[in-house]
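Good morning, and thank you for coming. Please look at the sequence and the model on the screen while I speak.

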Amino acid sequence: MSRAVEESNRRMLRVRDRMDRCYAQPSDLAALARSVHVSRTYLIRAFRATFGETPHQYLRRRRVERSMDLLRETDRGVTEICMAVGFTSLGTFSRTFRDIVGESPTDYRRRVGRLPVPTCFAKSWLRPSPFGEASGDVAE
């Protein structure tokens, strides 16, 4: 692996870590790009080359993954969970959830319920795949 590729991978890991920490905050791609000293366009291309999805797709999946956990583990309402994970519209949340999981948040909660296994196992087993989205067409 060349030094340039290694440095690019490190930058993309820093971006992904930052997105994991701040997934509930509004997305600011320009700020993410500035934080690793690259352009916005380069960030999108390098992130996709490194992880197989754009930063926007990753953030959507991360938010849905967190909402799946909240739907399983809490009695909070769907709208409250929608806002807690960073979506500003219940319609957008429901559409995105359905695109990634293949069913509505309410149907997901009803089907899965609380699992009698430790949370770490549930997260691992039920994590949405970046390649298995229900609709298959996600635009940046």
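Predicted model: local features only at pLDDT ≥ 70, side-chain atom pairs only at ≥ 80, totals over all residues.

Let me begin with a definition: a residue is called buried when its relative accessible area is under 20%, exposed when that area is over 50%, and partly exposed in between, with a 1.4 Å probe and protein chains only. Residues are numbered from 1 along each chain as its sequence is written, and side-chain values use heavy atoms, with hydrogens and water left out.

I turn to the aromatic rings. Rings of Phe, Tyr and Trp (for Trp, its six-membered ring) form a pair if their centres lie within 6.5 Å; planes under 30 degrees apart count as stacked, over 60 as edge-to-face, and the rest as tilted. How many aromatic pairs does this rule give? The count is 5 aromatic pairs. In one of these, the ring centres of Phe47 and Phe51 are 4.8 Å apart and the planes stand at 55°, so the pair is tilted. Both residues, Phe47 and Phe51, are buried. They belong to helix α3, residues 40-51, and are 4 residues apart, about one turn of the helix. Helices here are DSSP runs (H or I, at least four residues), and strands likewise (E, at least two), numbered from the N terminus. An α-helix has 3.6 residues a turn, so residues three or four places apart point the same way.

Phe87 and Phe93 give another pair: their ring centres are 5.3 Å apart and their planes at 55°, so this pair is tilted. Phe87 is buried, with a relative accessible area of 7%, and Phe93 is buried at 0%. Ring pairs join Phe87, Phe93, Phe97 and Tyr108 into a cluster.

Some rings also have a charge over them, which requires NZ of Lys or CZ of Arg within 6 Å of the ring centre and within 35 degrees of the ring normal. The charged end of Arg63 sits over the ring of Phe87, 5.7 Å from its centre. Arg62 lies over the face of Tyr23, at 5.1 Å from the ring centre.

Let us stay with Phe93 for a moment. This residue is in helix α6. Which residues does Phe93 touch, not counting those up to four places away in sequence? They are Ser67, Val78, Cys82, Val85, Phe87 and Pro105, where contact means heavy atoms within 4.5 Å. The C-alpha atoms of Phe93 and Cys82 are separated by 6.2 Å, although the two residues are 11 apart along the chain.

Next comes the nonpolar core, a set of buried Ala, Val, Leu, Ile, Met, Phe, Trp, Tyr and Cys residues joined through side-chain atoms within 4.5 Å. The largest core has 30 residues, and those touching the most other members are Val15, Met19, Leu43, Phe47, Val85, Phe93 and Phe97. At least two residues of this core come from each of α1 (3-21), α2 (29-35), α3, α4 (55-73), α5 (78-84), α6 (90-101) and α7 (105-112). The most is given by α4, with 6 residues.

Helix α4 has 19 residues and reaches 27 Å from first C-alpha to last, close to the 27 Å expected at 1.5 Å a residue; the expected span is 1.5 Å times one less than the number of residues. Of its 19 residues, 16 are buried, so α4 is largely enclosed by the rest of the structure.

What of the cysteines? A disulfide is a covalent bond between the sulfur atoms of two cysteines. The criterion used here is a pair of cysteine sulfur atoms within 2.5 Å, and the structure holds 0 disulfides. Cys22 is partly exposed, at 28% relative accessible area, whereas Cys82 is buried, at 0%.

I close with the loops. His37 lies in the loop between α2 and α3 and is exposed, with a relative accessible area of 66%. His37 has a positive phi of about 60° although it is not a glycine. Asp28, in the loop between α1 and α2, is partly exposed at 41% relative accessibility. Thank you for your attention.
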